[in-house]
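Subject: Structure for you to look at

Hi,

Here is the structure I promised to pass on. Please open it first, and then read my notes below with the view beside you.

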There are 2 protein chains.
Amino acid sequence: MKIGELAARTDVPTRMLRYYEEQGLLDPDRTPNGYRDYPEHLVDRVVQIRGLLDAGLPTRIIREILPCLSDPSTIHIEDASPELIADLERYHELLDSRTRCLARNRDAIAAYLDAVRRSA
Amino acid sequence: MKIGELAARTDVPTRMLRYYEEQGLLDPDRTPNGYRDYPEHLVDRVVQIRGLLDAGLPTRIIREILPCLSDPSTIHIEDASPELIADLERYHELLDSRTRCLARNRDAIAAYLDAVRRSA
DNA sequence: TCGAACGTTGACACTTGTGTGAAGGGAAGG
DNA sequence: CCTTCCCTTCACACAAGTGTCAACGTTCGA
């Protein structure tokens, strides 16, 4: 599909899709006329990228972990260097601590709302 | 405690502590000589602020939810306007979706690492 | 008492990362 | 042809973070 359709389906402006490509997060094919040509599965990937960006991860990290997250069919376990493994372990730790941080604050808000409703 | 000690204990530069105050995230007391005087519990709050900022929340939102998170003793339920309640419900939703996004990707990394280790 | 260390405000500048707008030009299709 | 989509590129906006300098007051120990 072309960039306009992807933008419509993901609700991400074309400008951003080009920006993500520039950041190495997307690598669409090109039609003979130079138009970007996005395969179907990139819809999910764009949504995933947005989620991670909204969660405060820099494009640099997202770029590094994306190959291990999407395309479960094309997981390439063989060429996993010790450095990559180490990086992933750090990112796992990072995501875990952030998950716990957000969950803690989410629950705190829930508790507050609960208290308010109870006293109403 | 004075700003230097807080900076040392939270590993957040004094520059940033003043910056957060400017952003309305901190409101320390003042000693008669004008020095900022941070009560003990602000140590945790600073750590919490860092966590939320790292998680991608803007200071604007953090400023709004902080009063409902810290100081469980001083929860002021009475003056919770319907607008505040609505905002908090939205923020709860926001934190929840981000939490789930991060957890999902964290687990995906874990699964990948697991697969790698299994094949090693 | 003198100085070092720490505190105050305010300002200026500059970086990084993300998000956007607009100009200028080519390609597709009614 | 004319509209709409796409292309590239330049430039800007905004938020967070950071360093530094000035000019000045306080604390505390040697």
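The residues of the surface near DNA strand C divide into seven nonpolar, six polar and four charged. Here "near" means that the C-beta atom of a residue, placed from the backbone, lies within 6 Å of the molecule or strand. As for the classes, Ala, Val, Leu, Ile, Met, Phe, Trp, Tyr, Cys and Pro count as nonpolar, Asp, Glu, Lys and Arg as charged, and the others, Gly among them, as polar. There are 17 residues around DNA strand C, and Pro58(A), Thr59(A), Lys2(B), Gly4(B) and Arg36(B) come nearest. H2(A) gives the largest share of this surface, three residues.

Before going on, please keep in mind that this is a predicted model, in which local features need pLDDT of at least 70 and side-chain atom pairs count only at pLDDT 80 or more, while totals for chains, interfaces and linings use all residues. Residues are numbered from 1 along each chain as its sequence is written, and chains are lettered from A and ligands numbered from 1 in the order in which they are written.

The predictor's confidence in each residue is its pLDDT, from 0 to 100. Chain A averages 91, and 91% of the residues score at least 70. Helices (H or I, at least four residues) and strands (E, at least two) are DSSP runs, numbered from the N terminus.

Now for the other DNA strand. DNA strand D is surrounded by 17 residues, and the closest are Lys2(A), Gly4(A), Arg36(A), Pro58(B) and Thr59(B). By class, the surface near DNA strand D has seven nonpolar, five polar and five charged residues. Helix H1 (3-10) and helix H2 (14-22) of chain A and helix H2 (14-22) of chain B each supply at least two of its residues.

How are the two protein chains related?

The contact between the chains takes 33 residues from chain A and 33 residues from chain B. Two residues are in contact if their C-beta atoms, placed from the backbone, lie within 7 Å. On the side of chain A that touches chain B, H5(A) gives the largest share, 22 residues. Since 100% of the interface residues of chain A are also interface residues in chain B, the copies meet through the same surface.

Finally, have a look at Leu17(B), which sits in helix H2 of chain B. Leu17(B) counts as buried because there are 23 C-beta neighbours inside 10 Å; the cut-offs are 20 or more other C-beta atoms within 10 Å for buried, 12 or fewer for exposed, and partly exposed in between, with C-beta atoms placed from the backbone. Leaving out residues up to four places away in sequence, Leu17(B) touches Ile3(B), Leu6(B), Ala7(B), Val12(B) and Leu26(B).

Enjoy exploring!
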